[in-house]
Amino acid sequence: MSATSEFLGNINDGLGQRIEEQSVRPSVEVWPDEDDFGRWVAAHRDPVRSVICNAPEFADTPFCGRGIH
C-alpha cells in the first residue's frame, strides 16, 4: 500500500466520525461584547492588504474589494 492510498483511506475511514462531530462543534464564531467585534476584525485583517488598499492607485482594484468590478 502506498503512502497516498493509505492517507486517502484514513480520510475516507474517518468520514462518519467527522460528520457526527460536526453537529457538536459550533458553526459560528461568537463574540459576546459589542467592542469585541473590532478586535475580531483586527485579528482577521491582513496588515499588508490594508497598506496596499489605502494607496489611492490600488483602492478600487478587485484585490481590495471596494466598489463594483
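**View 1. Confidence along the helices of the predicted model.** Helix H1 (residues 3-13) has the highest confidence in this predicted protein, with a mean of 88, while helix H3 (residues 36-44) has the lowest, at 73. The score is pLDDT, the predictor's confidence in each residue, from 0 to 100. The protein averages 76, and 80% of the residues reach at least 70. In this predicted model, local features need pLDDT of at least 70 and side-chain atom pairs count only at 80 or more, whereas totals for chains, interfaces and linings use all residues. Residues are numbered from 1 along each chain as its sequence is written, and side-chain values use heavy atoms, leaving out hydrogens and water.

**View 2. The fold, element by element.** From the N terminus on, the order is α-α-α-α, with four helices and zero strands in total. Helices are DSSP runs of H or I with at least four residues, strands are E runs of at least two, and both are numbered from the N terminus.

**View 3. A closer look at Phe 63.** Follow the chain past helix H4 (47-53) and you will find Phe 63 in the segment after it. Phe 63 counts as partly exposed because its relative accessibility is 44%, between the limits for buried (under 20%) and exposed (over 50%), with a 1.4 Å probe and protein chains only. Of the 69 residues of the protein, 9% count as buried.
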